[in-house]
Amino acid sequence: MESLDSWYRREVYSWRTGAAVGWTLLLQPCVLAVYLVFCTLDICHPLSWIAGSFSMLFSTHYMFVMLVLTLVSGVLGVVMSSSYTVVPDIPLTRLHGLVQLLLPTRLLRCLMYLVSGAVTAWVCTSCIGDRYTSLIKSDGTDREVYYLNEYHLFLVVYGMYSGVLYNITMYIHQNNLVQFPVLEQAKFFQVRSRLYNELLKSLSYSLWHTAYFYPFYWMFGHIPKDFVLQHTSLLGSEIPLNSVWGLLDVFLLYQTILCGVFLYLTWTVSSVLYKIYNTEHYAFPVEDVFDDQKNKCLVDALSCKTNSLLQCLGFYDVCHLSRKSGVRRSVVFSLSQPGGHPHNWNKLYSACVAEVNALNQKVQEANWKVFASVPVRQAAGEKNIPPASAGEITTTTLSYRGATTMTNGNSSSPPVDKPASNLQTFKDLTLMYLKKKPVFSYFLSELPDSKSRKLFATCQVQVWAVEALSNFATASYTDDKYGVVQRSLPEIITAVVNLQENVEKHFKLATTTSRRNQKDLGHYDTQLGYLLQTTLKSSMYKIVNTFGKHILSLNLSPECVRKLKLFMDYKE
């Protein structure tokens with residue numbers, strides 16, 4: 001039987017990715033036509049400028065250039081589809097981030113962008129014409145003497161430079177991260193709303209990349225020029241561009257910026273279309289009515305661990321189902337025949353609560369580590385306690401708002417492997433020594449809030465799970481005829497309350513994370529942490545406002561009852 005992952009890649013992912021690449025190729029003639037109009041801009045002769053642009057659009061040379069650009073964009077779109085992910089990659093140190101950029105797969109993609117940038121820049125030179133068209137130019141006499149056209153070489157090198165820089169910034173700024181839309185819209189309106197912002201972003205990227213490229217070419221521009229001159233019989237130009245006088249060319253600066261805008265807009269449109277198509281809502285069947293739906297139901301998507309995008313689509317569908325689809329929600333509330341068991345609800349409820357409890361456990365462990373790292377003040381007159389010997393684990397008790405954390409004493413400590421322990425001690429001492437050096441400390445020191453960001457990097461699934469559970473609970477007040485959801489209400493409330501309390505503690509402990517400055521909010525994973533915090537509170541208020549004081553009659557722990565009373569009094 002075909003697995004859910006392979007079915008999804010064959011029936012859903014391939015079609016969506018193919019549609020994104022197809023629309024990217026269909027948009028290429030429009031983008032190139034706009035670029036052609038601007039690159040041949042001639043304000044002094046508007047009629048000849050418009051006539052020349054239209055004649056170029058219908059020429060065979062333009063068709064050939066368009067074919068080459070379409071082929072390169074299609075290959076790049078298909079190859080780069082594997083680089084997108086729904087799980088942000090957060091480095092703990094600067095060295096870790098640098099190593100991630102040097103992975104073989106990322107170096108290969110960097111090479112793809114380098115080739116794509118060079119070919120696209122060559123297409124730009126073909127559209128500009130005049131002195132940028134060819135790599136070779138004659139001296140204008142009858143003698144067969146040819147010179148290197150450095151203007152053409154300048155733009156091609158700029159395209160290669162832009163491709164490498166775009167690939168690096170894509171991973172640094174997490175532009176390969178697939179984010180689901182907050183508000184569900186049709187694909188056309190999503191593209192229209194993002195196109196203007198992407199155009200401004202492309203202009204910004206082109207400006208500051210050009211500002212860095214000019215000094216780069218001034219210092220290292222002789223390398224590609226000498227390489228071409230050594231392997232050909234061409235002669236160098238009289239005024240080289242890798243000089244101050246050669247770079248003081250306003251028209252060259254205009255064409256360079258325009259080429260950069262065209263490059264980044266071409267790559268960005270492909271990325272935007274991929275994300276829009278692959279984050280579109282997909283309605284999974286709630287139960288397997290037919291044989292071809294086995295292992296392809298909503299519960300199977302929720303429990304899929306091999307494909308993160310498929311699991312996100314499953315929880316996105318659960319959230320959509322619980323909030324909008326009354327017909328599908330009635331299937332969840334139904335009982336099996338014969339037997340009268342709520343199998344559909346039990347499966348969905350178990351999958352959602354399992355994700356909530358798993359994140360709750362991670363946050364709780366992170367809080368315990370913060371508790372354990374807090375230095376304990378000694379009371380006045382207390383003698384200094386000697387440090388524990390190697391292999392000995394002391395007992396520490398720290399309390400915070402009624403929560404107590406204890407580490408095991410040495411009475412039950414496992415036997416320690418001496419060679420492994422000595423090797424670990426040598427490794428720790430070496431790292432401590434290197435961290436004291438300023439240069440190594442910059443790369444080996446832990447980045448601010450990196451652990452907290454890594455903790456909430458994948459909590460979008462838990463946000464949807466919490467929201468779906470609260471929507472099911474509130475909808476059960478009127479739609480649940482058999483009371484299948486209300487039987488699970490104590491477990492739902494307990495899971496949400498425990499996670500909400502631990503998340504609140506974490507944000508109070510992590511002081512740097514709690515500073516909501518503009519730089520922190522620029523990270524998508526940081527926004528996810530605050531989104532989870534807001535969703536937990538709003539979900540609890542939604543449940544409390546629906547059931548009122550009757551919710552206190554459930555079988556809940558005293559701590560949960562205390563938290564519920566705070567929500568009832570709007571004090572949380």
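Guide: A helix here is a DSSP run of H or I with at least four residues, and helices are numbered from the N terminus. The model is predicted. With that numbering, Gln174 sits in the loop between helix H6 (150–172) and H7.

Visitor: What is the phi of Gln174, given that it is not a glycine?

Guide: The phi of Gln174 is positive, about 60°.

Visitor: Is Gln174 buried or exposed?

Guide: Residues under 20% relative accessible area count as buried. Gln174 has 11% relative accessibility, so it counts as buried.

Visitor: And Tyr570, which is not a glycine: where does it lie, and what is its phi?

Guide: Tyr570 is in the segment after helix H22 (558–568). Its phi is positive too, at about 55°. The relative accessible area of Tyr570 is 56%, so this residue is exposed.

Visitor: Now salt bridges. What is the general idea?

Guide: Side chains of opposite charge can pair when their charged atoms come close. In this structure, a search of the whole model finds 15 salt bridges. One of them joins Lys324 and Glu184, at 3.7 Å from N to O. Lys324 lies in the loop between helix H12 (308–323) and helix H13 (326–333), Glu184 in the loop between H6 and H7, and the two are 140 residues apart. Lys324, at 49% relative accessibility, is partly exposed, and so is Glu184, at 38%.

Visitor: With which residue does Asp479 form a salt bridge?

Guide: With Arg329, where the closest N and O atoms are 3.3 Å apart. Asp479 belongs to helix H18 (residues 460–479) and Arg329 to helix H13, so the pair ties together parts 150 residues apart in sequence. Asp479 counts as partly exposed at 36% relative accessibility, while Arg329 counts as buried at 12%.

Visitor: Which parts of the chain does the pair of Glu504 and Lys537 link?

Guide: Glu504 and Lys537 form a salt bridge, with closest N and O atoms 3.6 Å apart. The pair links helix H19 (residues 489–509), which holds Glu504, to helix H21 (residues 524–547), which holds Lys537; the separation is 33 residues. Glu504 is buried, at 11% relative accessibility, and Lys537 is partly exposed, at 27%. There is also a network: salt bridges with shared partners join Arg194, Glu198 and Lys201.

Visitor: How is empty space inside a model found?

Guide: A probe the size of a water molecule is rolled over the atoms, and this shows where empty space is left. Here the search of the whole structure gives three cavities of 30 Å³ or more. The largest cavity has a volume of about 140 Å³. Helices H1 (4–39), H3 (60–80), H5 (104–128) and H10 (250–278) each give two or more residues to the lining of the largest cavity.

Visitor: How many residues line the largest cavity, and which lie nearest its centre?

Guide: The lining has 14 residues, with Ser73, Leu76, Gly77, Trp267 and Ser270 nearest the centre. By class, eight are nonpolar, six polar and none charged.

Visitor: Which residues form the nonpolar patch on the surface?

Guide: Residues in a patch must have over 30% relative accessible area. In this model the patch is formed by Phe216, Trp218, Met219, Phe220, Ile223, Val244, Trp245 and Leu248, with about 910 Å² of accessible area together. Helix H7 (187–220) and helix H9 (244–247) are the elements that give it two or more residues. H7 gives the most, with four residues. Trp245 is found in helix H9; its relative accessible area is 65%, so Trp245 is exposed.

Conventions. Residues are numbered from 1 along each chain as its sequence is written. This is a predicted model: local features need pLDDT of at least 70, side-chain atom pairs count only at pLDDT 80 or more; totals for chains, interfaces and linings use all residues. Side-chain values use heavy atoms; hydrogens and water are left out. Patches are made of residues with over 30% relative accessible area and no salt bridge: like charges are joined within 9 Å, nonpolar side chains (Val, Leu, Ile, Met, Phe, Trp, Tyr) within 5 Å. Accessible areas come from the Shrake-Rupley method with a 1.4 Å probe; for residues, only the protein chains shown count as cover. A salt bridge is a side-chain nitrogen of Lys or Arg within 4 Å of a carboxyl oxygen of Asp or Glu. Buried means under 20% relative accessible area, exposed over 50%, partly exposed in between (1.4 Å probe, protein chains only). On a 1 Å grid over the protein atoms alone, a cavity is a set of points where a 1.4 Å probe fits but cannot get out, and a pocket is an open set with protein on both sides within 12 Å along at least five of seven lines; lining residues have an atom within 4 Å of a point. Grid points are joined across faces, edges and corners, and a volume is the space filled by probe spheres set on the points. Ala, Val, Leu, Ile, Met, Phe, Trp, Tyr, Cys and Pro count as nonpolar, Asp, Glu, Lys and Arg as charged, and the others, Gly among them, as polar.
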